[in-house]
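This report describes a protein chain, going from its overall make-up to its surface. The sequence and structure come first.

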Amino acid sequence: MGKRDNRVAYMNPIAMARSRGPIQSSGPTIQDYLNRPRPTWEEVKEQLEKKKKGSKALAEFEEKMNENWKKELEKHREKLLSGSESSSKKRQRKKKEKKKSGRYSSSSSSSDSSSSSSDSEDEDKKQGKRRRKKKNRSHKSSESSLSETESDSKDSLKKKKKSKDATEKEKEKTKKKKKHKKHSKKKKKKAASSSPDSP
């Protein structure tokens with residue numbers, strides 16, 4: 001059995017398109033886009049000026065808002081100014097009253113100041129005496145504490161010396177006892193050695 005012939009004849013696409021003829025396009029072409037109507041330079045300038053100015057309604061609204069805000073600010077300022085004026089008037093009245101009361105109390109204050117100065121001098125003297133007494137007491141207490149510490153140190157030294165002497169005496173006694181024991185042992189040995197020789 002023989003193989004099938006699956007070969008296909010080659011067709012040139014460009015030749016096929018030419019044979020079909022011109023294709024009618026439904027949309028605009030490039031030439032249509034290039035030939036479109038364009039605005040003149042004067043029309044462009046007018047459009048830019050309109051954009052800069054903005055809409056009239058928006059400008060009117062902004063003006064109204066600014067006027068209302070200015071009115072509110074003026075009212076607020078008036079309130080603050082009236083409050084500050086009233087407070088300043090009150091302060092001035094208080095100052096005047098203080099000055100008047102100061103004049104009346106100046107005579108009494110002078111007498112009081114003289115008496116207070118004498119009292120302060122007496123108090124200063126008393127305080128000076130108290131300070132001197134405190135200094136003397138502190139000096140005496142420091143001396144007494146020093147003497148006590150010295151006496152304590154002397155007592156401790158004496159106790160140490162006594163303890164040393166006692167230990168030394170005990171050591172001498174023990175040495176003497178040991179010597180006596182050695183002598184007694186030697187005597188016993190001599191007696192034992194001499195006893196069998198004597199008969």
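## Overall make-up

Of the 199 residues in the protein chain, 0% count as buried. The model is a predicted one. The protein chain exposes about 21300 Å², and carbon and sulfur atoms supply 53% of that area.

The protein chain contains four helices and zero strands. Along the sequence the pattern reads α-α-α-α. Helix α2 covers residues 30–34, and helix α4 covers residues 56–197.

## Salt bridge

Side chains of opposite charge can pair when their charged atoms come close. A search of the whole structure finds one salt bridge. The side chains of D5 and R7 form a salt bridge, with 3.0 Å from N to O. D5 and R7 are both exposed.

I30 lies in helix α2. I30 has a relative accessible area of 66% and is therefore classed as exposed, the cut-off for that class being over 50%.

## Negative patch

A patch of negative charge on the surface gathers D119, E121, D122, E123 and D124. One of these residues, E121, has its place in helix α4. Is E121 buried or exposed? With a relative accessible area of 51%, E121 is exposed, because the class begins at values over 50%.

Key: Residues numbered from 1 in each chain as written. Predicted model: local features only at pLDDT ≥ 70, side-chain atom pairs only at ≥ 80, totals over all residues. Heavy atoms only, no water. Patch = residues over 30% accessible without salt bridge, like charges linked within 9 Å, V, L, I, M, F, W, Y side chains within 5 Å. Areas by Shrake-Rupley, 256 points an atom, 1.4 Å probe, with all protein chains shown as cover. Salt bridge = Lys/Arg side-chain N within 4 Å of Asp/Glu carboxyl O. Lys, Arg positive; Asp, Glu negative; His and termini not counted. Charge placed at Lys NZ, Arg CZ, Asp CG, Glu CD. Helix = DSSP H or I, 4+ residues; strand = E, 2+ residues; numbered from the N terminus. Buried < 20%, exposed > 50% of the residue type's maximum accessible area, 1.4 Å probe, protein only.
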